[in-house]
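This report reads a single protein chain from its fold down to individual side chains. Please keep the sequence and the model in view while reading.

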Amino acid sequence: MKDLFYYYRGRKTMPVEVSRELGLGYAAPDAGGPSCAEGPGPEGSAGVVFTFGDAPLKVPKDAVWRPVPGHDDEGGKPTLWVGFDPNDRPGPAELGRPRQFPGYAVELGDGQRWLVPVVRNYEGETDFPKVSDWDGKAWTHDKVRERYRELFDTATGFWDELKAMMTGAEDPDKQYTVNLDDKIGFAVSALAVNYRLGPAELALLKLFDSQVEGEVLLCALDWPGYLEMASKKEEAAGPSSSPGGTD
C-alpha cells in the first residue's frame, strides 16, 4: 500500500480517540478514523496494524519499520511503530492534506518536490486563517487561529534573527544562534501543515538532511520572496552615481 501504516502492541482495535491520545493527531485526516487490522507487528508480537490513508491496509513482509520515540513499555521495549512498503513508497501525493497552504516546492531526500508553506511572509503576514472579531462598529481579522499560532509566532522569532544575520544588522550585545533541534523542529512543523507527517515519519522516510532542512526553513520564512523583492528594488534604483563624476 502506498501510504504510511502504524503498529501498536497489545491492542486489537485503534479507535480514533486512542490514536489521538498516542499523539498521532497530526497523522490523521481532519475527519474519520484509522483503518485497522489485527496482526503481527515488526517484532512478531500481537497487536493492531492501522493506517490513516485511503489505500486498503496491506502490510508486506519486507515492510520498513521504525519505533516512534516516547512509546515504550516498562521494560523499555517500543509499543508504537510506523512503517511503509519499500516497493510502494508514499510521497507528497499520498500524504498531502486536502487543504494545503501556498509556498515553495522543495526537493526533499526522496527526490520528490514537496510544497513547503510560507508560515510568515517577509512583510509579516500569513495565509493562515485569522479569527474574525467585531467591536460593535466594524469587523477585523485578529490573531492567527490557535491551531497555527505557535508556529507563526516561532516563525516571527526566526525571521528577526535570520534577517539580522543575513543583512549584517546584528545587535553586538545579542547572541544570534539557532538551536539545531529548534531549527529542524520548526521545519518539520511547517511541512506538517501541508502533509500528514511528524518527526518519526519524516525520519523514517529520510526526507531531511543538513542541507534540505535549511531550505525548508528559509522557504517557510519566505526568504526567497524577500531576496526577489530586494533585487527588484535594487534594479529599480539603478546604478548609484559616483561622487565627482564627469559631466
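## Basis and overall make-up

This is a predicted model, in which local features need pLDDT of at least 70 and side-chain atom pairs count only at pLDDT 80 or more, whereas totals for chains, interfaces and linings use all residues. Residues are numbered from 1 along each chain as its sequence is written, and side-chain values use heavy atoms, with hydrogens and water left out.

The protein chain holds 7 helices and 9 strands, these being DSSP runs numbered from the N terminus (helices H or I, at least four residues; strands E, at least two). Of its 247 residues, 39% are buried, where buried means under 20% relative accessible area, exposed over 50% and partly exposed in between, with a 1.4 Å probe and protein chains only. Among contacts (heavy atoms within 4.5 Å) with a separation of 6 or more, 63% are between residues 24 or more positions apart.

## Salt bridges

The whole structure contains 4 salt bridges, each defined as a side-chain nitrogen of Lys or Arg within 4 Å of a carboxyl oxygen of Asp or Glu. One of them joins aspartate 3 to arginine 196, with N and O 3.0 Å apart. Aspartate 3 lies in the segment before β1 (5-9) and arginine 196 in the loop between α4 (180-194) and α5 (199-204), so this pair ties together parts that are 193 residues apart in sequence. Both aspartate 3 and arginine 196 are buried. Aspartate 3 also lies 9.4 Å, C-alpha to C-alpha, from proline 56, although the two are 53 residues apart in sequence; proline 56 belongs to the loop between β3 (46-51) and β4 (64-67) and is exposed, at 69% relative accessibility.

Another salt bridge is formed by aspartate 73 and arginine 9, whose closest N and O atoms are 2.9 Å apart. This pair links distant parts of the chain, with aspartate 73 in the loop between β4 and β5 and arginine 9 in strand β1, 64 residues apart. Aspartate 73 is partly exposed, with a relative accessible area of 27%, and arginine 9 is partly exposed at 22%.

## The hairpin of β8 and β9

Strands β8 (residues 130-134) and β9 (residues 139-144) pair in the antiparallel sense over 4 bridges, pairing being assigned if DSSP finds at least two bridges between two strands. Between the strands of this hairpin there are 4 residues, and glycine 136 takes a positive phi near 100 degrees.

Lysine 130 stands opposite valine 144 in β9, and its side chain meets that of glutamate 125 in a salt bridge of 3.1 Å, N to O. Lysine 130 is partly exposed at 27% relative accessibility, and glutamate 125 is partly exposed at 39%.

## A buried aspartate without a partner

Aspartate 85 lies in the loop between β5 (80-84) and α2 (92-95). This residue is buried yet has no salt bridge, the nearest side chain of opposite charge being that of lysine 58, 7.5 Å away; here Lys and Arg count as positive and Asp and Glu as negative, while His and the chain ends are not counted. A polar atom of the aspartate 85 side chain does lie 2.8 Å from the backbone nitrogen of asparagine 87.

## Cysteines

With a disulfide taken as a pair of cysteine sulfur atoms within 2.5 Å, the count comes to 0. Cysteine 36 is partly exposed, at 36% relative accessibility, whereas cysteine 219 is buried, with a relative accessible area of 10%.

Key
A polar contact is a pair of N or O atoms within 3.5 Å; within protein, one must be able to donate a hydrogen and the other to accept it, and residues adjacent in sequence count only if both atoms are side-chain atoms.
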